[in-house]
Amino acid sequence: VTSYASFRWREKLVMRLTATAFFDQSSKEQHEKISYGIHIHTILSRISYAHEIPDTLDRIILEGLITHDQREALNTQLMELMSNPQVASWFDTGWDVRTEIPILLPGGAENRIDRLLLKGKKAIVVDFKTGEPVRSDQKQILEYIDVLHKMNFTDVEGYLLYIKKGEVVSVPQGKVRSVKTRDEKQLGLEF
């Protein structure tokens, strides 16, 4: 052998830490709140319609994501959310529902629309937040609205649902500060 090819392993190997809670040294109470928010978000991402909640809870118990003891608390929280008429309307069977829709932004960044409701040329974007409100939340929804307008949806609404408080925030349509071009086909929807 006249040469031996080598490379810097740090340039080729990428580590992804998925067990972030394991490395987090926060209190048990804070850990439980974080897990609770993650569980609610997971359930909402797996259901299209409200009647699917009980089966979805049973399924995630079987998958080991939650325990039987956690099921009742999660069910209570979800029923409280569904008692809000606006939230309940997002889980109505009259919509064509897409959950966790990946979207590729210019520059290569990827994001996911938590819930996209479609009916003809009308679209509603809903993003679920488990933390406290921050300004970037609304900017994110405005970017999604902009993409949907460019895909020829004429009536587009955007909402944020802050799960912890059960608060719904309507995001008024406006221009996103940075101008970005988007591909009409990036959501994988066919019309």
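Tutor: Rings of Phe, Tyr and Trp (its six-membered ring) form an aromatic pair if their centres lie within 6.5 Å; planes under 30 degrees apart are called stacked, over 60 edge-to-face, and the rest tilted. The model here is predicted, so local features need pLDDT of at least 70 and side-chain atom pairs count only at pLDDT 80 or more, whereas totals for chains, interfaces and linings use all residues. Residues are numbered from 1 along each chain as its sequence is written, and side-chain values use heavy atoms, with hydrogens and water left out.

Student: How many aromatic pairs does the structure hold?

Tutor: The structure holds one. Its partners are tryptophan 90 and tyrosine 159, whose rings are tilted, with 5.3 Å from centre to centre and 45° between the planes.

Student: Are tryptophan 90 and tyrosine 159 buried or exposed?

Tutor: Both are buried, a word for under 20% relative accessible area; exposed is over 50%, and partly exposed is in between, using a 1.4 Å probe and protein chains only.

Student: What else does tryptophan 90 touch?

Tutor: Leaving aside residues up to four places away in sequence, tryptophan 90 has contacts (heavy atoms within 4.5 Å) that include Ser48, Arg115, Ile124, Val126 and Leu161. Together with Leu44, Leu78 and Phe91, Trp90 touches the most other members of the largest nonpolar core, which has 26 residues. Such a core is a set of buried Ala, Val, Leu, Ile, Met, Phe, Trp, Tyr and Cys residues joined through side-chain atoms within 4.5 Å.

Student: Which elements supply at least two residues of that core?

Tutor: Helices α3 (28–46), α4, α5 (68–82) and α6 (85–90) do, as do strands β3 (122–129) and β4 (155–162). Apart from this core lies another, of 20 residues, among them Leu118, Val125, Ile145 and Met151.

Student: Switching to the strands: how do β3 and β4 pair?

Tutor: They pair in the parallel sense over eight bridges; DSSP must find at least two bridges for strands to count as paired. Valine 126 has tyrosine 159 in β4 as its bridge partner, and aspartate 127 has leucine 160.

Student: What about β2 and β3?

Tutor: Strand β2 (residues 110–119) and β3 are antiparallel, over five bridges, and leucine 116 has valine 125 in β3 as its bridge partner. The two strands form a hairpin with two residues between them, and glycine 120 in the turn has a positive phi of about 65°.

Student: Why is β3 said to be largely enclosed by the rest of the structure?

Tutor: Seven of the eight residues of β3 are buried, so the strand is largely enclosed. For β4 the count is six of the eight. Alanine 123 in β3 is one case, at 0% relative accessibility. Its contacts beyond four places in sequence include Leu116, Leu148, Phe153 and Val156.

Student: Where does a charged end sit over a ring?

Tutor: The charged end of arginine 115 sits over the ring of phenylalanine 91, 3.8 Å from its centre.

Conventions. Helix = DSSP H or I, 4+ residues; strand = E, 2+ residues; numbered from the N terminus. Lys NZ or Arg CZ within 6 Å of the ring centre and 35° of its normal.
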